[in-house]
Amino acid sequence: MKTLVACLVFASIGAAIAYQINEKNYGKYEASFGPIDYEGETTAETAMASLQEQWTDNLPKVELPDGNEYDFGIMQPEEKGEHSFVVKNVGEAPLTLKIGASTCKCTVGTLENESLAPGEQTEVKLAWTVKTNESTFGQSAELRTNDPSQVAIRFEITGKVVRQVQLVPETLTFKEVASGEPIDLEMKVYSYIEDEIVIGQPRFSSDQMNELAEFSVEPFEVSEDDIEHAEAVQAFKVTASIAPGLEQGPVSQNLILPFTQDGEEPVDISDDDEKSNEKSIVAAVTGRIVGVLGMLESTKLKGVTGGGYMYDFGKITEPGQQTAKAFVVLKGSEQENTTLSIGEVTPAGVVEAKLNDPIQNGSTSLYRLEFSLNPGDEKIDRLGMSREDYGLITIVSDNPNVPSMKLRLKFSLPAR
């Protein structure tokens with residue numbers, strides 16, 4: 001019993017001592033806005049008055065005499081540039097500066113002075129290298145300060161990116177052209193080279209295309225409305241007309257425009273490659289030569305190398321007949337003299353096909369093809385494990401100038 005009483009006495013003494021320590025350290029703490037009054041007497045006016053007592057007019061203040069944006073005008077890819085921004089302290093206390101974040105294509109040089117007394121100024125140098133495929137360039141960098149009204153300043157640089165020679169369009173694309181049709185290409189060349197250039201005989205990187213092609217290079221004046229190319233020194237319109245005769249399939253070649261400058265006469269590269277003074281402008285040429293007969297492609301219907309198309313039914317799990325639709329396209333002048341029909345179909349009895357009457361659309365006729373897979377007593381796999389491991393629908397014509405076309409079918413069909 002005596003032990004319990006003693007413990008209670010000591011606990012009371014400890015609590016009293018702890019209360020006194022807590023009251024001394026924290027009990028008389030006064031908030032920044034003054035004593036807290038739970039009766040609602042603290043107002044916006046009294047709060048601001050309390051803040052103003054703690055504020056001082058002796059603060060640094062940033063001024064940017066030349067602003068924080070710079071337009072460098074025109075630069076070329078890989079060209080390096082730099083610009084200095086002026087930062088001035090117009091406040092009453094020292095201004096401290098620190099380099100902050102910058103975009104990956106813009107760097108901030110070392111500050112001349114990281115602390116400015118009232119009235120002093122310094123320069124912040126930005127350097128950049130133009131690395132972009134776009135026609136415009138824009139980067140930024142940040143400078144941090146102890147000015148409470150401008151804790152971070154963002155410097156921005158902008159401008160136009162112009163190559164020595166610009167091509168419009170940059171890639172000559174003719175998409176799909178029937179094998180019996182000509183191909184006409186046209187592009188504009190804008191030169192920003194100070195010395196005038198002379199474009200020589202254009203050529204393709206394909207000998208076959210060169211044998212079928214005729215070229216034309218005509219200089220022209222840049223119009224006042226063409227603001228984007230207003231700084232060009234010269235401009236040329238280049239045309240190429242390719243006669244029918246290219247093999248069916250994709251086309252991926254280059255159009256090469258040799259040129260000389262400074263009034264030099266071109267040296268024949270066949271004489272001595274090392275002595276040639278020719279430079280070249282190169283533009284990609286892409287497209288596809290298709291047969292007079294073709295099909296409109298989709299996610300399941302694709303053209304195949306060497307001609308023809310393939311429709312992928314995939315692995316079929318649902319029982320019963322599987323149906324599909326597609327469009328057969330007949331292009332060119334032969335459409336009026338051609339009638340299409342269904343030829344060989346394999347596996348017989350499994351694959352069925354129907355070709356509807358054509359729909360005329362200018363120089364193109366569209367035939368709707370309806371085809372189906374009919375399950376039999378056994379599972380049938382035609383998954384393209386070999387060249388012959390497909391189903392087949394053949395589209396034939398009564399015109400010797402329009403060759404037949406094969407539509408291969410890839411499928412795995414369960415038994416009924």
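Biologist: Which residue in β12 is the bridge partner of L167?
Modeller: That's V189. Bear in mind that this is a predicted model, where local features need pLDDT of at least 70, side-chain atom pairs count only at pLDDT 80 or more, and totals for chains, interfaces and linings use all residues. Residues are numbered from 1 along each chain as its sequence is written, and side-chain values use heavy atoms, leaving out hydrogens and water.

Biologist: Thanks! How many bridges link β10 and β12?
Modeller: Four, in the antiparallel sense, with β12 covering residues 183-191. Strands here are DSSP runs (E, at least two residues), numbered from the N terminus, and two of them pair if DSSP finds at least two bridges between them.

Biologist: What sheet is β10 in?
Modeller: An open, antiparallel one of four strands, in the order β10-β12-β16-β15. Its edge strands are β10 (165-168) and β15 (213-219), each pairing on one side only.

Biologist: New topic: how many residues are in the largest nonpolar core?
Modeller: It has 30. Such a core is a set of buried Ala, Val, Leu, Ile, Met, Phe, Trp, Tyr and Cys residues joined through side-chain atoms within 4.5 Å; buried means under 20% relative accessible area, with a 1.4 Å probe and protein chains only. F313 is among those with the most contacts inside this core.

Biologist: What does F313 touch?
Modeller: Leaving aside residues up to four places away in sequence, its partners include Q322, F371, L409 and F411. Contact means heavy atoms within 4.5 Å.

Biologist: And how much of the protein is buried?
Modeller: Of its 416 residues, 35% count as buried.

Conventions:
Buried means under 20% relative accessible area, exposed over 50%, partly exposed in between (1.4 Å probe, protein chains only).
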